[in-house]
Amino acid sequence: MTTSAYIHIPFCKSKCKYCSFVSFTNCQEIEQYVPALLKDIQVNYRGELLKTLYLGGGTPSLLSLNILGQIVKSFSLDTNSEITIEVNPDDASLDYFKGLLDIGINRISMGSQSFDNNILKIIGRRHTSEQTKKAVEFAQSAGFKNVSLDLIYGLPEQNNIKTDLEMITQLGVQHISTYGLKIEEGSYFYNHLPKNLPDDDRQADMYLEINEYLAKKEFKRYEISNFAKVGYESQHNLNYWNNSEYYGFGLAAHGYVNGVRYSNLTNMADYIEQPIKKDFEHKVTKKEKLEEEIFLGFRKETGIDVREINKKFNIDFEILYKPVLTKFVPQYIEKTSKGYKLTLEGFLLSNNILSEFI
């Protein structure tokens with residue numbers, strides 16, 4: 001049964017210079033996009049009670065409360081469902097947050113990225129540090145009890161991360177996502193490399209500093225990039241990392257339903273015309289599912305449950321992966337009561353380590 005859904009809203013007022021996501025600045029197309037999105041949901045959603053619903057982008061907060069209400073009402077949800085929307089700080093107002101709460105949204109995710117206004121300008125963010133603080137106040141005043149902020153480290157001109165950490169932990173949020181800057185194809189920075197980028201070693205030092213600082217402030221790391229106060233872990237993202245299925249609705253959205261991974265069309269005109277057509281579909285093999293279970297499971301602080309994997313895939317994990325375990329235990333992988341997890345040093349080298357399981 002599929003109990004999570006992701007909705008892609010691919011519109012932004014302007015594109016951030018590090019962004020390689022599929023998004024468009026022609027917001028006039030929202031009017032044509034919404035009926036196509038609703039048709040996509042109507043045809044492909046099978047009516048299960050959802051545990052999580054996530055509206056991401058792009059910038060979902062560009063949509064009116066009326067449109068967002070139509071989207072949310074398309075799903076079967078209850079008071080226990082986690083319903084998240086990504087909000088840009090400069091779109092925020094007290095009335096808008098109150099309206100979001102009224103239509104059932106109960107979790108806010110905001111891209112603060114940095115609290116240095118000069119850096120925000122360099123990376124193409126529209127908001128200021130002051131607007132982020134005000135937006136968090138608006139959300140809290142409206143009644144939101146579950147607010148998450150994003151922080152990027154390894155940004156140009158970013159000599160230290162401590163000021164950002166001090167600011168973000170003073171705002172009374174429940175969840176913090178931290179991402180090391182990666183310059184990816186499709187982003188402005190890919191063809192216009194910024195000056196004064198911290199090198200890989202400095203970025204790794206920042207990650208260690210983030211872990212140490214947030215632990216002192218009672219933010220528990222539960223996944224490589226994510227930290228939460230107890231009880232405020234993102235249930236939607238945990239669904240991904242537990243390798244469970246999920247719907248993907250909207251242009252370029254990815255989904256995983258009935259053992260099939262798929263992506264929707266990525267061209268706006270094509271999606272508006274044929275919103276139920278897929279760009280690609282792939283039936284996941286048993287071998288691929290095992291690899292995904294390992295790769296995603298190791299992203300979590302709790303790691304992987306060997307007994308569960310052995311039972312599910314009819315293998316002996318410790319025999320099958322003995323060379324990898326011998327190579328990385330105990331410095332980068334440590335044994336737990338249920339299986340194995342990455343150490344803090346292991347998280348720094350996670351891509352290299354996990355590639356050896358595939």
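**Ground rules.** I am working with a predicted model, where local features need pLDDT of at least 70, side-chain atom pairs count only at pLDDT 80 or more, and totals for chains, interfaces and linings use all residues. I number residues from 1 along each chain as its sequence is written, and side-chain values use heavy atoms, with hydrogens and water left out.

**Overall build.** I looked up the secondary structure and found 16 helices and 15 strands (DSSP runs, H or I of at least four residues for helices, E of at least two for strands, numbered from the N terminus). Next I checked the extent: the C-alpha trace spans about 55 × 45 × 40 Å along its principal axes. The radius of gyration is 21 Å, which agrees with the value near 21 Å for a compact globule of 358 residues (taken over C-alpha atoms; the rule is 2.2 Å times the number of residues to the power 0.38).

**Inside and contacts.** Of the 358 residues, 52% are buried (under 20% relative accessible area, with a 1.4 Å probe and protein chains only). Among contacts with a separation of 6 or more, 68% join residues 24 or more positions apart (contact means heavy atoms within 4.5 Å).

**A look at H6.** Which residues of helix H6 (residues 162–169) are buried? I noted Asp-164, Leu-165, Ile-168 and Thr-169. They sit on the same side of H6 because they cover an arc of only 115° around the axis (from the directions from the helix axis to the C-beta atoms). Their cover includes strands E4 (107–113), E5 (147–153) and E6 (175–180), and helix H8 (200–216).

Notes
Buried means under 20% relative accessible area, exposed over 50%, partly exposed in between (1.4 Å probe, protein chains only).
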